[in-house]
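Here is a short report on one protein model. Keep the structure open as you read.

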Amino acid sequence: MNSNFRKFIFQDLQTVEGYIDPPDALVFLSLLQAQQENGLAGGVAEIGVFYGRSYFLFKKVCNGQDKVLAIDLFDMDDKPDDAPDQYESFLENGRRLGLPVDEELIIKGDSTRLLPNAITDKIGRTRFFSIDGGHMLHHVISDGALATDTLADHGIIAFDDTFNPAWPEVTVGVSDFLRERKDTFATFCMTKYKTYVCRREFHDFYYRAIAEAPDLMAFDHVETEFLGSKVARLHNPISRRMVYELMVRSGMRAFSERVYR
Ligand SMILES: C[S@@+](CC[C@H](N)C(=O)[O-])C[C@H]1O[C@@H](n2cnc3c(N)ncnc32)[C@H](O)[C@@H]1O
């Protein structure tokens, strides 16, 4: 297991307000490392950065080797007073974590208005594309197409909030994405929150990477069929999630990593 990265995920990253939880952070880590170990290079991009919780994980794992691009409206808390706004808080998080944001690789604006070369001109073709921006159908359709058009042959797209009843149009958008591209794209992994897809030629590689990842051994790997693909569904029982939450809330964050061994 990656003790340094696990410490970063379970302690440092939790100090950044945001949404990626430890199970998906461990999936991101495992996939990025499988790519690095097999010479599958390329840029990393995220639509929907918020205060940078998943962005700083990308920065940490890429360690300056591959470029990490962030796209966000950065207009969540436009404050009239002197309080730091979303973008300033994001930059401050980078300084605090020792992972300074490269502002050349930040796109402030609406992702649905971007052309693929706005991304590839900055970071080349992408090996990992996280979609966590606007959560309505037109956002997911547009962001999925943008990701596809920038993706390296071996690239992964991670869609957030799939099958979350709070965001039903994300589910429709991801299903449409896969049905429209059923000959070219396949799902290889699903978690409580995210759906991971890649080109069909790389499905077996990523399915195996998930099955063999030392950091994902704590989860039940349930083989599931989804729109014509064999998917590893990583089941995280409620009992474990409760123990984890109790530890974090009672000030035992430093030990919470053990719950996921
Ligand atoms: C759920 S948050 C992202 C959480 C983040 N990935 C994390 O790990 O904490 C959604 C973000 O998407 C951004 N967003 C919403 N619509 C967008 C759009 N059309 N273009 C770019 N960013 C958008 C919001 O500003 C917000 O910061």
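In which hand of crossing does H2 pass H3? The crossing is right-handed. This is a predicted model, so read each point as a description of a prediction.

Helix H2 covers residues 22–37, and helix H3 covers residues 53–62. Their axes lie 10 Å apart and meet at an angle of about 30 degrees. Angles under 35 degrees count as roughly parallel. That is why H2 is described as roughly parallel to H3.

Which residues make the contact? H2 supplies Ala25, Phe28, Leu29, Leu32, Gln33 and Gln36. H3 supplies Ser54, Leu57, Phe58, Val61 and Cys62. Eight of the residues in this contact are nonpolar, three are polar, and none is charged.

## The nonpolar cores

In soluble globular proteins, nonpolar side chains tend to be buried together. In this model, the largest nonpolar core has 58 residues. Phe56, Phe90, Phe128 and Tyr196 have the most contacts inside that core. H2 gives the largest share, with eight residues. A second core is separate and has 25 residues, including Ile131, Ala147, Val170 and Leu178.

Take Phe128 as an example. Leave aside its neighbours within four places in sequence. Among its remaining contacts are Phe28, Leu31, Leu32 and Phe58. Ile156, Ala158 and Tyr196 are also in contact with Phe128.

## Buried or exposed?

Is Ser111 buried or exposed? Ser111 has 7% relative accessibility, so it counts as buried. Ser111 sits in the loop between strand S3 (106–108) and helix H5 (116–123). Not counting residues up to four places away in sequence, Ser111 touches Ile47, Ile71, Asp143 and Leu146.

Now look at Arg179, in helix H7 (residues 168–180). Its relative accessibility is 53%, so Arg179 counts as exposed. Arg179 and Leu227 are 48 residues apart in sequence. In space, they are 7.3 Å apart, C-alpha to C-alpha.

## Two positive phi values

Most residues other than glycine have a negative phi. Asn63 has a positive phi, near 50 degrees. Asn63 lies in the loop between H3 and strand S2 (68–72). Its relative accessible area is 58%, so Asn63 is exposed.

Asp161 also has a positive phi, near 65 degrees. Where does Asp161 lie? Asp161 is in the loop between strand S5 (151–160) and H7. At 12% relative accessibility, Asp161 counts as buried.

How values were computed
Residues are numbered from 1 along each chain as its sequence is written. This is a predicted model: local features need pLDDT of at least 70, side-chain atom pairs count only at pLDDT 80 or more; totals for chains, interfaces and linings use all residues. Side-chain values use heavy atoms; hydrogens and water are left out. Axes are lines fitted to C-alpha atoms, for helices over the stretch in contact, and angles run from 0 to 180 degrees between N-to-C directions. Helices (H or I, at least four residues) and strands (E, at least two) are DSSP runs, numbered from the N terminus. Angles under 35 degrees count as roughly parallel, over 145 as roughly antiparallel, 65 to 115 as roughly perpendicular and the rest as oblique. A crossing is left-handed if the near helix is turned anticlockwise from the far one by less than a right angle, and right-handed if clockwise. Contact means heavy atoms within 4.5 Å. Ala, Val, Leu, Ile, Met, Phe, Trp, Tyr, Cys and Pro count as nonpolar, Asp, Glu, Lys and Arg as charged, and the others, Gly among them, as polar. A nonpolar core is a set of buried Ala, Val, Leu, Ile, Met, Phe, Trp, Tyr and Cys residues joined through side-chain atoms within 4.5 Å. Buried means under 20% relative accessible area, exposed over 50%, partly exposed in between (1.4 Å probe, protein chains only).
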